[in-house]
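Visitor: I am new to this structure. Please show me how to read it, one feature at a time.

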Amino acid sequence: MEETKVLLKDSEIPRQWYNILADMPTPMAPPLHPATGKPVGPQDLAPIFPMALIEQEVSSERWIDIPEPILEKYLLWRPSPLCRARNFEKLLDAPVEIYYKNEGVSPPGSHKPNTAVAQAYYNKLAGTKKICTETGAGQWGSALSMACHMFGIECKVFMVRVSFEQKPYRRMMMATWGANCVPSPSTETAAGRKVLSDHPDSPGSLGIAISEAIEEAVTSKNAKYSLGSVLNHVCMHQTIIGLEAQKQLAKIGVYPDVVIGCAGGGSNFAGISLPFVRDKIHGKQIRIIATEPSSCPTLTRGPFAYDFGDIAQMTPLLAMYTLGHDFVPEAIHAGGLRYHGMSPIISHLCKEKLIEARAYNQIETFDVGVKWARTEGFIPAPETNHAIAAVVEEARRAKEEGKKKIILFNWSGHGLIDLPSYDAYLSGKLEAHELPEEEIKRALKAIEKFPKP
Ligand SMILES: Cc1ncc(COP(=O)(O)O)c(C=O)c1O
């Protein structure tokens, strides 16, 4: 019988996260304080994050120990399986081996708890009583709701309105884990009220929801804010995915030619890829591909520029690929990929050509998602379908070139709470939206005056 899964024992779980800042070949442009134009210091971030996370954000230590209480929680679902997609390989009929890390086995169904548990833990140590956050598709909000409950912290989630309406079961999951989830833009914050007065029918965006969550965090007692992607410490917590994958592949004597992940704010892509980027920096021949929606093509069509992470301009200015902080993407079903910016780490690696990026439209991604479900069984999250689209493209190229290729990708989550999006696809209601150039130009006007990285 051919092996399909490579499993690690609980005792083989990695005990450290990998911090790529220790190996960056060129320096990254620092986050800037918007008022002074100077790099932000730890004290600037202290109102919204606990100091332990701020230290991780700026740390240049290569390996950071994972505290025991976090490992204990990780063991509820980690190490996650590394699977070989033999049925999908047969369907593609190309000279490829396809391996995927199944992050859909976590309780909320995605990679998000890898950082949620860590962030809740460090907040607990710092005496935080309440954490506020935003969520797109609801994966992050539900992961943080679970993690906050594990450590006895209240959780408030601002969920992008379009996803709140498309995915009611996510709100119910959050409530089951004891959190309070409201649609964003909401009337509960000045940032939300401002958007609603200008655009009463706003579908919301991650940029708007971030503004609301930060505002509530800084105006509530003993409260902090938590971000589910983008930042350095979040990407670092996710490296457990790639580190496990390296151990699993080593067990079967395999090393990938290509590593693929979808990128919204960049965290699951960072998680699978950064340990391999390290190898690439040290001379390995490997291609690393981030994928995104063509209706929110941050890495493929945005400039590398300083911009805010949110619409109300509450975050520091980050050097990243961006479509402009007031860009509101089309209401596509991959809610977790509807973000105007991108992790500064991933942006820097893309600028330095250590990774590449591709964009796919919604129909292309559901085409391959349904094929995946009909061969491998598991129904992927709409975000994950963007990664599968690149797997299919790479397989097609391997066939054209007649060259064998080993592909590893991150199956970032399941789509069981996203079934209305499959329903829309199967009944022909989805559109292959491409973002018009004028809309990018319009949105970028808002950042013209910012310093250039
Ligand atoms: C299943 C899934 N994959 C990918 C993403 C994209 O986020 P990130 O780029 O931070 O991994 C999300 C975000 O909600 C998600 O839920």
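Predicted model: local features only at pLDDT ≥ 70, side-chain atom pairs only at ≥ 80, totals over all residues.

Visitor: What joins strand β7 to β8?

Guide: Two strands pair if DSSP finds at least two bridges between them. Strands (E, at least two residues) and helices (H or I, at least four) are DSSP runs, numbered from the N terminus. Here five bridges join β7 (residues 154-160) to β8, and the two run parallel.

Visitor: In what order do the four strands of the open sheet lie?

Guide: The order is β8-β7-β6-β9, with parallel pairing. β8 (180-184) and β9 (223-225) are the edge strands, each pairing on one side only. From one strand to the next, the twist averages 20°.

Visitor: Which strands does α10 lie across?

Guide: Angles run from 0 to 180 degrees between N-to-C directions; axes are lines fitted to C-alpha atoms, for helices over the stretch in contact. Contact means that the C-beta atoms of two residues, placed from the backbone, lie within 7 Å. α10 lies across β6 (130-135), β7, β8 and β9, and runs at about 170° to β6.

Visitor: At what angle do α9 and α10 pack?

Guide: Helix α9 (residues 190-198) packs on helix α10 (residues 206-219) at about 145°, with the axes 7 Å apart. From α9 come Ala190, Ala191, Gly192 and Val195; from α10 come Ile208, Ser211, Glu212 and Glu215.

Visitor: Which residues come nearest the ligand?

Guide: A residue is near a molecule if its C-beta atom, placed from the backbone, lies within 6 Å of it. Of the 21 residues around the ligand, Gln139, Ser229, Gly264, Gly336 and Gly413 come nearest. α6 (139-150), α13 (267-281) and α17 (382-401) each supply at least two residues of the shell. α13 gives the largest share, three residues.

Visitor: How many helices and strands are in the protein?

Guide: The protein has 19 helices and 15 strands. Its C-alpha trace spans about 60 × 50 × 45 Å along the principal axes.

Visitor: What radius of gyration does the protein have?

Guide: The radius is taken over C-alpha atoms, and the globule rule is 2.2 Å times the number of residues to the power 0.38. For 453 residues, a compact globule would have a radius near 22 Å; the protein has 20 Å, which agrees.

Terms used
Residues numbered from 1 in each chain as written.
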